[in-house]
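Here are some notes to read beside the model. Keep the structure open and find each residue as it comes up.

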Amino acid sequence: MKNKTIADPDAPRAGALEMTRRGLIAALSGLASACGTAASKLQEGSKAWGHDSIYTRLLGIRPFLTCRGHTTKVGGSRMPPEVIRAIAEANDYFVDMYELNDAAGRRIAEVTGAEAGLVTAGSYSAMVLASAACLSGTDPEKVKALPHPTWDRVECLTQTSHRFGYDHAYRAGGATLVDFETKEQVANAISGKTAFLACLASRDNNPNPKPGVMMPNDFLELGKRAGVPVVVDAASELPPVDTLTRYTTAGFELVVISGGKGIRGPQSTGILAGRKDLIEAAALNHSPNTALGRGMKVGKEEIVGFVVALNRYVSLDHEAVIEGWNKKSRYIIDQLADVPGLNAEKIMNAHGFEDISLSWDREVIPLTGKEAAEKLKAGEPRIVYYDTDEGGRMTTRCQWDGEEIFAARRLREFFLAEGRTA
């Protein structure tokens with residue numbers, strides 16, 4: 001399909017919105033028209049943000065006004081209205097899931113430049129299936145044996161600096177994970193037992209890497225030399241948008257990307273893209289087959305919603321999207337500028353857009369970073385962000401237009417109230 005570049009409908013309107021009745025009404029009008037049900041529930045000046053949400057009515061829990069990124073622990077990202085509509089329509093029909101998986105995989109391949117693709121149940125599932133694919137290939141007996149392989153070629157090699165909390169997904173796929181301190185040690189460890197190498201795409205975005213830390217291309221070099229597949233985890237690396245193509249076109253055999261997060265499809269979807277035979281092997285290990293990945297099934301509605309989100313994402317004016325996030329951040333900073341003892345400043349993150357760094361004078365605001373975060377999370381409205389010892393870090397990328405006004409108002413009221421008066 002031919003894509004037309006469009007601006008993000010969630011981008012803020014031109015000009016900073018002031019904390020006035022007129023500004024709030026304008027912001028909420030934009031929210032209601034562009035952002036669906038959640039936005040229409042916001043009321044002017046209300047401290048009960050989210051109290052009329054489905055979460056509160058149905059289960060009695062209060063949602064967050066987020067100043068975090070698209071982290072799974074707070075629900076990931078928000079699906080745009082067209083994705084929600086696609087999911088609802090997909091619910092009305094039945095399809096052959098093999099045909100649907102193949103068709104969605106072809107669209108992934110078109111977008112990423114890979115030979116083939118597969119929609120998975122999140123990026124963790126993509127890592128499990130990548131591991132299984134490298135171990136079993138398309139051998140049906142090996143597929144049946146996983147996650148308990150009885151053969152020798154089961155090792156996943158990596159560098160210690162590329163270990164992280166989710167890499168036990170490779171073990172869940174049946175691999176034995178072995179890490180080494182140096183590139184030379186990794187190279188020397190490659191043998192007939194090596195099923196694949198694994199690395200983190202995020203190491204490309206570290207402006208000050210520690211000496212000796214391997215870059216993804218270092219793994220690719222070793223893998224090509226030894227004829228061993230390389231799996232790169234790029235789950236959270238959007239933006240930049242070229243993450244969709246950078247690793248597949250460079251020759252990495254398997255690339256993992258979240259289908260939620262930056263793409264804003266269902267949070268329970270992910271991308272596994274790469275070499276055709278390995279994607280075929282991953283599909284054999286995946287639902288609807290009764291194999292290792294059967295419990296990682298992706299519903300027909302989720303697959304359709306993901307493809308719509310992917311098509312939308314590649315059509316966006318990404319510079320305009322990022323500038324929208326930056327404007328929200330600057331607005332919050334401006335509203336906090338005169339709070340005694342509080343320092344709110346913009347910082348550029350590794351993905352090329354502006355975050356907010358919060359710190360404060362403990363003599364004026366006698367709270368630790370953790371204490372402030374806990375109080376804000378318990379307050380009205382509930383605000384979540386990344387707390388640090390010094391204070392905190394905020395991002396606006398997951399906010400609807402106008403929510404920066406409520407966030408700024410709540411933060412301002414909170415720090416003024418917690419500050420010691422002269």
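1. Start with the aromatic rings. This is a predicted model, and it holds six aromatic pairs.

2. Take Phe-164 and Tyr-166. Their ring centres lie 5.8 Å apart, and their planes meet at 75°. An angle over 60 degrees counts as edge-to-face, so that is the label for this pair. Now check the surroundings. Phe-164 has 24% relative accessibility, so it counts as partly exposed. Tyr-166 has 54%, so it counts as exposed.

3. Go on to Tyr-247 and Phe-252. Here the ring centres are 5.4 Å apart and the planes are at 80°, so this pair is edge-to-face too. Both Tyr-247 and Phe-252 are buried.

4. Look for the cluster. Trp-360, Phe-414 and Phe-415 make up one aromatic cluster.

5. Find Trp-151 and look for Lys-142. The charged end of Lys-142 sits over the Trp-151 ring, 5.0 Å from the ring centre.

6. Now turn to helix α6, residues 122-136. Does its length agree with what its residue count predicts, or disagree? It has 15 residues, and at 1.5 Å a residue they should span 21 Å. The end C-alpha atoms are 21 Å apart, so the two values agree.

7. Stay with α6. Is the helix mostly covered or mostly open? It is mostly covered, with 14 of its 15 residues buried.

8. Gly-137 follows α6. The phi of Gly-137 is positive, near 55°.

Note on methods
Residues are numbered from 1 along each chain as its sequence is written. This is a predicted model: local features need pLDDT of at least 70, side-chain atom pairs count only at pLDDT 80 or more; totals for chains, interfaces and linings use all residues. Side-chain values use heavy atoms; hydrogens and water are left out. Helices (H or I, at least four residues) and strands (E, at least two) are DSSP runs, numbered from the N terminus. The expected span of a helix is 1.5 Å times one less than its number of residues. Buried means under 20% relative accessible area, exposed over 50%, partly exposed in between (1.4 Å probe, protein chains only). Rings of Phe, Tyr and Trp (its six-membered ring) pair if their centres lie within 6.5 Å; planes under 30 degrees apart count as stacked, over 60 as edge-to-face and the rest as tilted. A charge sits over a ring if NZ of Lys or CZ of Arg is within 6 Å of the ring centre and within 35 degrees of the ring normal.
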